[in-house]
Amino acid sequence: MATPGSRQPVVCQRGGSIPRPLRSAEARSRFIEGSIVKIFMENFLTYDICEVRPGPNLNMIVGANGTGKSSIVCAICLGLAGKPSFIGRADKVALFVKQGCLKAVVEIELFKPPENIIITREIHVVNNSSAWFINKKPTTLKTVEEQIAALNIQVDNLCQFLPQDKVGEFAKLSKIELLEATEKSIGSPEIYQYHCELKNFREKERELENLCRDKAIALEKMRQRVERYKQDVERYHERKRHLDSIEMLERKRPWVEYENVRQRHEEVKQSREQAKEELKSLKEKQSPVTKKIQETEEYFESLDKKIRDKAAEIKDTSQKCKQKQDALEMKDKQIEEINQALRMKKYEEMDRKRKIQNTQKVIEDWKNELNTIADCENLQPQIDAVNNELKKLQEERTNIDIDISDLTAQKMNQEREMKRIIDRLGQLNNIMNMKEENLKVRFRDTHSALMWLRQNKDKFKKRVCEPMMLEINMKDNKHAKYVENHISANDMRAFVFESQEDMEAFLVEIRDHQKLRVNAVCAPAASCAESLPSRPIEELCRYGFFSYLRELFDAPHPVMSYLCAQYRIHDVPVGTEKTRNMIERVIQETKLRQIYTAEEKYIVKVSAYTNLTLSTNSSLRTAQFLTSSVDTDERRQLENEQQDINNRIKSLDMRLTTLFARQKQLEHRDNELRQQKKELFERGNKKRQLESKIGVKYDSLRQLEQDAINLEKESQQANAKIKEINIQKVRLVTELMHLVKNCISLNILKADLVLQSTAVAAEKNRLESEYKAASVQLRTSEQRFRELDDMKRVLTENCKELLNKARQVCKLSPDQHLPKEFQIAFQALPNTLEEIDACLNEERTRASCFTGLNASVVEDYNKQTEEIQQLTEFLEKKKNELDTYKQNISKVKERWLNPLKSLIEQINEKFSSFFSSMQCVGEVDLHVENEEEYDKYGIRIRVKFHSSTELHELTPFHQSGGEKSVSTMLYLMSLQELNKCPFRVVDEINQGMDPINERRVFEMVVKTACKESTSQYFLITPKLLRNLTYNDKMTVLFVYNGPFMLDADKWNLKSFCKRRRRLGRMDDEQ
């Protein structure tokens, strides 16, 4: 029994006299050389093992899409040394090996008398390599390509081999490419070779024409140059005379320069000696001034030292004066303090007398009041009643204080709990703010719509949920990737409405009026949020599943209802790596349609054709929107707790307000009772208090009388102290006057010294100014002497260099004098540099008029003459060679163009005939822009499918897909009888055709491909129209696949046909 992924084709060959695969001598004679006799595939694409035996004429390969028809085409291409790019399906040959296998085998048997050729290709996944065999013997790819080329098999030619993925490219072929493909496909090998030779000959002809033209131009230029050389030879001698004159002037010029510098050297030498004498005289004059300045500085320093000493004495004397003045001020303060103390005694005595008078008056008043007071009544019962009521009030106040303290503590606890809840809600709100910021950055229009919605929620009849990415809160952020990979990005930013009417009003405002691009969805009318999964999650735990998607997050009821209805999140399980490791078993046993593993998503489908289970998997994208989630249960619980605490705090505040009011009433009553009690006590104790007060006042009066002060005695003592202090002041004043006189004399001496110092400083400054002036003159003289000395040294070096240079120019030795012939020649020349330079410029100007002339001008003239002779001979040779190429082109063109035109006329005849039979018009002609440009020749196909239109060239853009398919098919059919290739492959060319054109084209294919001596033809199609015309020479190959297919070696066509006929007879009898 075949596995679901394997495909075993059933090869059914349909024909009146062919009950089994063709192997008779008659059948073998119908194969042409290079036709395919057998195709064998092992582990190729989706095939485990398969063998196909086509017929010699038309082979129809029929099967449903996905059964493996095009895999046979791929096997033909790759088995005959084709590249994967020819098929257009993959870029590596290893990708054609069946999944899970390391090697695939493709074997093609080609007809070639006396013994067929069997080409085998082993494809290895490792290193993407292939091994080749011919007749079971190892060989190389190059040898295989040579064998295939010898049989004129061209799998890279769309006129011979047209795979499914290349059908559209045929119409894209340029006219030039179509001509080359046609030449390779049906023309004799010589035609394509002649075409290539023509292109090469034409290219070489162009090269020779360009070469001859360039050489002819160069020859003419060389002849003109030789003519100019004749004049240059004559001018050369005149230039030589000017150069000799220049040489002699250049020899004299260094001697004149030397003489000028030597004279300048003598002048500088004399100036240097004068500067030296002047410098010596200045130094002798400056020596006495320097000595006098030094003496003045010493005297100035001695005066400055004396001034500093006097200043120190003055400072010391001033300090002593200051001390004496401070002592005098201290004595004055002592006198003031004594006087102040005496005044205070007088004030105290006056105050004592006043107090005695006041006390005597108070005693008299209290005695009068005491006499008027009657005997006290009995007030004790009233006092006891007030005390009892105060006791009860105190007990009640104590209870109220206790209650207030308890309620206050409870309120503080509630407020602390409220602060904790508010902080936690703030943290949760920060997470929501982060999610909103993410929404604003990624989807600005959606965020703007969200702001509008929050301000206008009252405009909607039913509940409106914000975008899902804000409403969905993951219970565990690591599961966010499953939800985001399951829900589309458009729905993640969509608003969810409970009412269709609300949603339409919202979209009109946001999309039409505000021009914002937003998404909105409507939750189903019947809630799906509580939908049950197809099976409990406990049944899936053994496969590694731990939850359904719905249980991974929280969301409002409308959002959850929409997701359950649209995405069936209540029935999509989420698994682990264990699920991934046993995924095939999970798919087969659970029949789940969508599955999530740790890092992948699987989608399972069932084929409508074969009932096979097909699965695709993809890696999970990283979560972007739901990684920051708010625990809605926690938030809801916190909000409820916040409300409860608010209610409790309000209740406590009301109770506290009542207790404070009662407490205030009790305090007021307490104050009233205490005042009443106080008044009762005062009424009972007033007489005793008066008697007690009078006694106290008498004691105070006796004390005041005893504290009398003797003011006369105090005054005498103060006067004695002041007298003693005044005597001390006289002594201090005398000492101060002596110190002041001493300070004045010291200041006079210091002033005299300062005047002397000023005079000495002025003299010193004058001498220094004179010294500086003399020093400037001295430095100037020294500077001038150094400059003259440096100039003398430089001129001496220049004289030596110029003398050596002059001798070198005249080629003299260091001790050799100027020869007489030079002296005589120099006498005829100017004697100054200006005149010599003027003559040099004149001679050089004249010589420059003869530029480019030298002693080799005659040699160049002879050399150019010889080159002209050689170039003339070379040009003649190339012209002869060009004539030969033109003759060869003419001959090859005749051999190529005439057969090609005949061939294209035959193609056009058949192509036009095919189109005429379809009531359409088609033409094929040779397109030529320039008869000499052989690489621009091409085949042009023009077609007309409607009588009302003109003929149009077949292009990738003008015709419809069906029209391009019909044109391509009919062109290939036009090549069939002219074909020189052993077989042709066309894969699903009829897919774009309408039924009428498909039927017509099919009949033409059958008629053309089933003629005698035509090449083998493979036509691949997934379906056929009913009641088509067939031919006995056709071979129909049916490709089936499925889980109940027999192995290829167990299939018996005869038994199948007998069983089918027997079943047919049983149906007729019934």
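**Surface patches and a buried threonine**

Trainee: Which residues form a positive surface patch?

Mentor: A patch joins residues with over 30% relative accessible area (Shrake-Rupley method, 1.4 Å probe, only the protein chains shown as cover) and no salt bridge (a Lys or Arg side-chain nitrogen within 4 Å of an Asp or Glu carboxyl oxygen); like charges are joined within 9 Å, and nonpolar side chains (Val, Leu, Ile, Met, Phe, Trp, Tyr) within 5 Å. Lys and Arg count as positive, Asp and Glu as negative, with His and chain ends not counted; a charge is placed at NZ of Lys, CZ of Arg, CG of Asp or CD of Glu. In this predicted model, the patch consists of K1054, K1058, R1059, R1061, R1062 and R1065.

Trainee: In which helix is K1054 found?

Mentor: Residues are numbered from 1 along each chain as its sequence is written, and side-chain values use heavy atoms, without hydrogens and water. Local features need pLDDT of at least 70, side-chain atom pairs count only at pLDDT 80 or more, and totals for chains, interfaces and linings use all residues. Helices (H or I, at least four residues) and strands (E, at least two) are DSSP runs numbered from the N terminus. K1054 belongs to residues 1053-1069, helix α24.

Trainee: Is T359 buried or exposed?

Mentor: Buried means under 20% relative accessible area, exposed over 50%, and partly exposed in between (1.4 Å probe, protein chains only). T359 is in helix α7. Because its relative accessibility is 7%, T359 counts as buried.

Trainee: Which residues does T359 touch, not counting those up to four places away in sequence?

Mentor: Contact means heavy atoms within 4.5 Å. With that exclusion, T359 touches K697, L701 and L704.
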